[in-house]
Amino acid sequence: MYRHLPVFLIMLVVACTAASAQPLADRVPADAVVYFGWRGTIDPGKEYAGSRWEAIVAQSQFNKLIDDTLPAIVRTVNTRYPKAATEVQAAAGLVRAIVRYPAALFVAPGVTGKNMSPRIGVICRVPAGKDRDAVAAAMLLIVQQQRREHPLTFTVGDDVIILWNYPNEDQGLQSIPGADGEGDKRNALAGDDAFKSAMGQSGLSEPTLTAYVRVAAMVKMVEDEAKTEMRAGVPDPRTAKMIDELGLRSIKSVACTAGFKGRDWESDISVETDGPRKGLLALASQRAFNTDLLKRVPASSTNVSAARFDLSALVTEVKRVATAVDPEWGDNLAKGVDAVTLAVGKNFERDILAPLGDEWVIYNSPEIGGSTIFGTVLVSKVDDSLKARQGMMALWIFGSNTARTFTKNQAFTLGAQTVHVADFDIQYFATPVIAPSWVIKNGYLYAGFSPQTVAAAVQYAGPSIAESPKFVEAMGHIGKGEQVAFSYTDTAAVLPDGYTTAVLLSRTVLGLGDMFLTPTPEMILPPLPAFTQQATPSISVAWADEKGLHQRSHEPFPAAASL
């Protein structure tokens, strides 16, 4: 929800895309348990044309950084630091190729026998030419610098490939679909039914980024590895038990895609399940979020995140899993919870957590506390107002007494205080910079980083976020009626703060390059109007159905909601 990272730099790497539906999945072995594909920036593709991101990239100097600055850095290093010239030139060539051309990384189960280490492969599709030579040289350098488990490197058609943990070159080459010249690319991940089913959950026809994890196969790998770690000659049964109790066996796969759709950027995450959900998966509610809670969120809010999350059920499930896996673990965990109960004077699960309910919303509004983290407001519909207040007060008094005990011999006092506002009392900790505060009013818990913010949130009576045209428009892009969680960002409103931070961070990196290596292009980040002119609200929605758990995000351009 917060935007203080150099996401603009990350977005610039995602400048444009192309290649097959899932990048290089036709070269990845069908038994791969992890696959990550990147389309590269060399060919924009039909979905990229006319996008908001295309308009932003047109005003950047990212290509100049790749085409001019990297070679200039290599020339400078050749002159000043000749001992490092080979490594730097290889690294620069590899970076340039992986940014520009389709690339993939995969992990497959290890070869049976003594060596159970997973097999790993990196593939980059580079047409013949200078870039191909640079990639081949870089991979050869990697091979030469490896002292153990020497990797294999070779080319198949336009693909430059490096593999780790294969017994020999023949087996490594045979593992790559189509390496033997077969046109149908037999035994490729792209043709695997489970992979195609997982990718089918996505709404994108040409994803820029693709990730796929075959969880069931990974679970088997973990179990096989555990069998080799004996205790007195007997495998530790807790590994399999933990997998069972956490419900990991019911997860078939996790698939993620991101790419351009229309003028915007969309991403999908799907956790495909099979059979009854147990363990932590059972906590994922399939009940739709109660939109009545949104009436407490101002229409002017710039960031809103809402979800169902039952703290009491989480603690109960963690205790159950711990006990089932190892009774000693469960006993120690129960003793810890009992210690909290004894210290606070209220049953931690029954009297403190259970009354809080399971619906939560966090927001920022310029008319409540501002758009920074210090103005954040949390609101929750409690199940039992009286018990929730009693439990919170017991916890609050315990925290205050503990703080006073630890500071009794100091020249300062730290503890909880109360301020009366209108017809309610706000509890807060009087500390520098922030004053964590809370109150329960009319069946709702309000919390924030200052009494002023909490007071404004309690007294707000204007239009809600559900009445905001921007919010309604954003939700319309996804249209999932049974949301169990969602996140909304007014991108245009938060852009200036995030942009300022990104400029400072990028100037730091570029400035170091200017000082010690070679002049760098200043306008890697376009001017702020290039972003604001393309900014529309961002939305992310999560839901659950019989197939599994899903999340879909819709943004005007990559990482817009993270600014």
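What span should the 16 residues of helix 4 have at 1.5 Å a residue, and how far apart are its end C-alpha atoms? Let me start there. Helix 4 covers residues 85-100 and should span 22 Å. The expected span is 1.5 Å times one less than the number of residues. The end C-alpha atoms are 22 Å apart, which agrees.

Some ground rules. This is a predicted model, where local features need pLDDT of at least 70 and side-chain atom pairs count only at pLDDT 80 or more, while totals for chains, interfaces and linings use all residues. Residues are numbered from 1 along each chain as its sequence is written, and side-chain values use heavy atoms, with hydrogens and water left out.

Now the overall picture. The protein has 17 helices and 20 strands. Those are DSSP runs, numbered from the N terminus: helices are H or I with at least four residues, strands are E with at least two. Of the 563 residues, 47% count as buried. Buried means under 20% relative accessible area, exposed means over 50%, and partly exposed is in between, with a 1.4 Å probe and protein chains only. Take contacts with a separation of 6 or more: 69% of them join residues 24 or more positions apart. Contact means heavy atoms within 4.5 Å.

Back to helix 4 for a moment. Its buried residues are Ala-85, Ala-90, Ala-92, Gly-93, Leu-94, Ala-97, Val-99 and Arg-100.

Next, helix 6, residues 169-175. Ser-175 is found there. Ser-175 is buried, at 15% relative accessible area. Beyond its neighbours within four places in sequence, Ser-175 touches Pro-29, Arg-119, Leu-163 and Tyr-166.

The protein exposes about 26,700 Å², and carbon and sulfur atoms supply 58% of that. Areas come from the Shrake-Rupley method with a 1.4 Å probe; for residues, only the protein chains shown count as cover. Leu-280, Leu-283, Val-318 and Leu-333 make a nonpolar patch of about 280 Å². Patch residues have over 30% relative accessible area and no salt bridge; like charges are joined within 9 Å, nonpolar side chains (Val, Leu, Ile, Met, Phe, Trp, Tyr) within 5 Å. A salt bridge puts a side-chain nitrogen of Lys or Arg within 4 Å of a carboxyl oxygen of Asp or Glu. Leu-333 sits in helix 11, residues 327-344. At 32% relative accessibility, Leu-333 is partly exposed.

Helix 12, residues 348-353, holds Glu-349. Glu-349 counts as buried, at 16%. Its C-alpha atom is 8.8 Å from that of Leu-311, 38 residues apart along the chain. Setting aside neighbours within four places in sequence, Glu-349 contacts Ser-312, Val-315, Thr-316, Lys-319, Val-337 and Ala-354.

Last topic: aromatics. Rings of Phe, Tyr and Trp (its six-membered ring) pair if their centres lie within 6.5 Å; planes under 30 degrees apart are stacked, over 60 edge-to-face, the rest tilted. The count comes to 11 aromatic pairs. Take Phe-471 and Tyr-488: centres 5.3 Å apart, planes at 75 degrees, so edge-to-face. This pair links distant parts of the chain, 17 residues apart: Phe-471 in helix 15 (residues 469-478), Tyr-488 in strand 18 (residues 485-489). Phe-471 is buried at 6%, and Tyr-488 is buried at 1%.

Phe-531 and Phe-557 also pair edge-to-face, at 5.8 Å centre to centre and 65 degrees between the planes. Phe-531 is in helix 17 (residues 528-532); Phe-557 is in the segment after strand 20 (548-555), 26 residues apart. Both Phe-531 and Phe-557 are buried.
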